[in-house]
Structure formats: structure tokens, C-alpha cells
Amino acid sequence: MPDRNPYSLAHLTKPASLARLGGIGVVVLAIAAAFAGTAGWLSPDRLGPDAMIDRFEEVNGKHPGFRRNHAKGVCLTGSFESNGNAARLSTAPVFAAGRTPVIGRFALAGGMPMMADGPAAVRSLALEFQLADGQQWRTGMNDIPVFPLKDPQAFYEQLAAGKPDPKTGKPDPAALQAFLSSHPETAKALDLIKAQPFSSGFANATYNALNAFLLVDASGAKHPARWSMVAVDAFAPEPAEMPNGKNYLFDALAARVKQAPVQWHLILTLGQPGDPTGDSTLPWPADREKVDAGLLTVMALQGEDVGACRDVNFDPLILPSGIVGSDDPLLSARSAAYSESFTRREGEAKPPSAVQPATGG
Amino acid sequence: MAPTFPLLSRLLHWTMAVLILAMLFVGVAMVSSLADYSRLVAIHRPLGILLLVLVAIRLINRLLAPPPPLPAAMPSLLKVAAHASHWLLYGLMFALPLVGWGMLSAAGNPIVLIGGLHLPPILPHDKALYAILRPAHTLLAYLLFLTFLAHLGAALTHALVFKDGVFRSMVK
């Protein structure tokens, strides 16, 4: 063996050394390329959370500090009183008899925080149940019976098809029609949505978590379920003539809450084998067993500038033990897109609340 | 016979090497995916906490059982680079899970490990903190990946070009 210094330039520039250094370079670059591929950097057309939120911003304009969807809203505080009826279906501590503090948010679907209230806007109720052991249950619900879009790709395309034309202020009917022709499930779901009359306000609306979830009982058995908050206030249809005021829905809610706490029954609808859990556009048969799990009471409202709901991401997969997500592809997509929206708005200056509950609760 | 790393050190090194590389790939796949996001997040969180526990054990082990010295003949510049990159790796192995944990705390999110098992927040629910920690988590992850690539390149160079026993000391 000739005496040699392995760190010398002479050794490193030998053909054998150069070949090996080249090979090492190839290995390192291959791993870097695999990383870039996994990150999606080599497939810019892949639909990811950033592209989804970009599209919301394209369609609605940029409104820094606000949610990219359900932008106009107010915070709520209240509690949930479980009656224990659902404890046989799920080990989630929130279903044991007792009281759980709740914060949440009433909002209008859509990405424009300063939009006027109106009959066309879908109303939403988002909740965060703060369980005593530190777990949380977050859920976002809408006052429509089914969701019109079955997967994130359809959602993404529909956003573009529904974008208002800058000239007319309305979406291009041809683009909408083209979307519906290629998405018959959306056309069917819209028929169901139109067939169910909207209520006159936030307080007497019923809100449905449109995705299915699985309740897990003490034996580990899983029960497919969809849940709803069914208003205690009597249903009244929307008035034929639209009331005055840009915020008439929120103003009426604030007045109602000031009068007395507003309540909803948490109703769990149990799926049977064969009921679709992976497609939010499809309703379940009307005769499915319903379990009244308890009563939600909304005690007070707060503007988003002071309320606790603003910096909460109502990610539908923040669930306590005893509830898990179903195979609905919208759940993971919502989780991912909400996170992207949350990260963007938390990095932006905090705007004044889009609406101020006149009462302050 | 050149000195080698103690068995526990080697075990910790290779276990963490596999887990950290998997973690980095899970991380970038997760944040770019709609369909796999929730599945991957459910792996990412508990794996991150496991790595935090492992790196704490590893640091204590390193202080109790120091690594063998680098070859005397190694140029001092290379030695400095080796030591600096090792401490950078340790710093990042601690920083990433702690920043991840802190970022979820600042978001007000529960830090769920598995089922009902969750950790307490380590920071207050705070918009400004989240706005700093969330991008920091990504930047630190990229830095860890680049440091890993440099570490791998250096390790293979020791094994195949220098043949100075440094790579062997971590293998047997």
C-alpha cells in the first residue's frame, strides 16, 4: 500500500475518486429530486391547498385578515348540554351527560366580508366544543340539506364557473351550464337545496354538517352519522320582500340573542349499511334513526375584532376521540384548504369586524 | 482498529435517520395535498413528538458516551465543518418538533397524538406568534433537508473516497 493522504487534492482528483464523487452527487441529487416531486414542485398543475385558496382570492378579490370563505360573520359564546343519549354511540366525552362550553361563529357562505345579507346566501354555524379534558370538537354546518359539490376538483371548477362577470356582476350562464352538464350530481343536489325553503333568519335555521362522520362506541364499533343543529325557534320562511339593511340577518340575530338565549337540538342521523358516507351531494333516506344528543345554547355574540372565534380554524377534522372522519374526500380537502386560509389570514393585519352585533350580547 | 460509536448511539442515529427523512417527505407531501392531508397530518404530529423524545435521549447519550474523535489527519477545516453541521443537525432536530408544537399551540389547536391522547399547549393562542412560527417551521424543515443532504454526501465521501474509518464508526 503506497502511503497516501486521502484528503489531498491529488487523491481527490484521481479518476477513481472523481467517479465516486460523481456517483455521490447523483445519489444526493436523486433524493433532492424525489423531495421536490413529493412537494409537488415538479407538477405545478396539481390541485393543492394553495391553488384552492388562490382561486377564492381570484373570484372574491383579496380581503386581508378575513377568512377566504364564509368571510362575513360574528362570534358566539354559549354551551352544549348533553343529555347522554348519544353516549351509547360514541365515547366522545362531549356526549356524556353534562355541560360543555362552546364558542363559534355565525356567517354567510362566500368570500366577500362586506357583502350585503340576502336571501341567496347560505348561512353557516361553526362551533368549537371545549371539552374538559382539553380535547376539542370543531364543526362547520350550513343551512342546506346536501352539499352541491362532491369533491375538491368539482369545488375548484365551480368557483371559476360561478365567478361574477365584471361587466354584468353575474356569473356567465353558459359557464355555469357547462359545469352543471359535466356535474350531474351538482344539478341534482341543487334541486334538493332549492326544494327546501330557507328560514327567515339565523336563529330559526337548521344547520347541517354536510359530510358524514363515524361515531365510535365503547366496543369500537363505528356508526356512520351526519349531524345537524335543529332550531328550537319556530321555522318561518323568508319574507317575500327583502328587509332593509345591509346586515339585516345579523342585526335580527343580535336582537334575538339580546332578548333571550337561542337554542338548537344536536340531532345525530344514523346511516344504515349502504348509505353513502363518501359523497356529500347525496341525501340519506328520510326515515333514518335520529338521536337527540342535547341542546346548544347561544348566550352572546361578539364582533370578530373582540370575539374568540376569529383566530379559530374550524377544521372539520379537529375531533375528539370517539368521532372520526368518513371516506368523504371533502373532509381532508377542507382541512387542508382551511389551514392554508388560516395561515394566510393570521399573517395579515387584523381588520375590523365585518359586522358588529349591536347588542354586544 | 479505529474507535466506533457505541451501539446505543448507532441505534439512535439510524432509527432517527429513517424517521426524520420520512418526516420531511411526509411534511412536504402533506402541505401540498388535498386528498392525503388529513392522513399525513395524523402521522406527522405523533412522529414529530416521538422524534423530540428520541433527540432528547440522544443528546443525553451523546454527553454520557461521546463520539469517537475524527481522524487526526483530517484537515481542520473539514473537522470544523463536521462539528458545525452535527450541532446544526441537533439544533434542528430539537427546533422542528418544538416549533411545530408551539405553532399548533399558537393556533389554538389541540395537539392530538392518537385518539384522545393529546399534549398541552406550550404557547398562548396568539395570532402573531402563529404567523411567525408557521413559516418558520417550513423554513427550518428545508434547512434540515439541506443539512441532511450535506451530511449524506459527506458520509458517503468518507465511506467511498476518504476511506478513513469515519463512516465505518457509525456502521459497526
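Predicted model: local features only at pLDDT ≥ 70, side-chain atom pairs only at ≥ 80, totals over all residues.
**Notebook: two chains, helix by helix**

I began with a helix pair: α3(B) passes α4(B) in a left-handed crossing. By left-handed I mean that the near helix is turned anticlockwise from the far one by less than a right angle, clockwise being right-handed.

Residues are numbered from 1 along each chain as its sequence is written, while chains are lettered from A and ligands numbered from 1 in the order in which they are written.

**Entry: the α3(B)–α4(B) pair**

I looked up the geometry next. Helix α3 (residues 76–106) and helix α4 (residues 127–162) of chain B have axes 9 Å apart and pack at about 155 degrees. α3(B) is therefore roughly antiparallel to α4(B); the word applies to angles over 145 degrees, with under 35 roughly parallel, 65 to 115 roughly perpendicular and the rest oblique. The axes are lines fitted to C-alpha atoms, for helices over the stretch in contact, and the angles run from 0 to 180 degrees between N-to-C directions. I sorted the residues of this contact into 17 nonpolar, six polar and one charged. Here Ala, Val, Leu, Ile, Met, Phe, Trp, Tyr, Cys and Pro are nonpolar, Asp, Glu, Lys and Arg are charged, and the others, Gly among them, are polar.

**Entry: the α1(B)–α2(B) pair**

How do α1(B) and α2(B) cross, and at what angle? I find helix α1 (residues 7–31) and helix α2 (residues 37–64) of chain B coming within 9 Å by their axes and crossing at roughly 150 degrees. These two are therefore roughly antiparallel to each other, and their crossing is left-handed. Among the residues that make the contact are B:L12, B:L19 and B:M23 of α1(B), and B:L40, B:L47 and B:L51 of α2(B). By contact I mean C-beta atoms, placed from the backbone, within 7 Å. This contact holds 17 nonpolar, six polar and one charged residues.

**Entry: chain B as a whole**

I counted five helices and two strands in chain B, in the order α-α-α-β-β-α-α along the sequence. Its C-alpha atoms fill a box of roughly 55 × 30 × 30 Å along the principal axes. The mean pLDDT, the predictor's confidence in each residue from 0 to 100, is 96 for chain B.

**Entry: chain A**

I then turned to chain A, which has eight helices and 10 strands. Its C-alpha trace spans about 95 × 60 × 45 Å along the principal axes, and 42% of its 361 residues count as buried. In helix α4 (residues 152–161) of chain A, the buried residues are A:P152, A:F155, A:Y156 and A:A161. They pack against α3, α5 (173–182) and α8 of chain A.

**Entry: where the chains meet**

Which element of chain A gives the most to the side that touches chain B? First the totals: 43 residues of chain A are in contact with 38 of chain B. Two or more residues each come from α2 (15–38), α3 (49–60) and α8 (329–346) of chain A. α2(A) gives the most, with 10 residues. That side of chain A divides into 24 nonpolar, 15 polar and four charged residues.

Key
Contact = placed C-beta atoms within 7 Å. Helix = DSSP H or I, 4+ residues; strand = E, 2+ residues; numbered from the N terminus. Buried ≥ 20, exposed ≤ 12 C-beta atoms within 10 Å, placed from the backbone.
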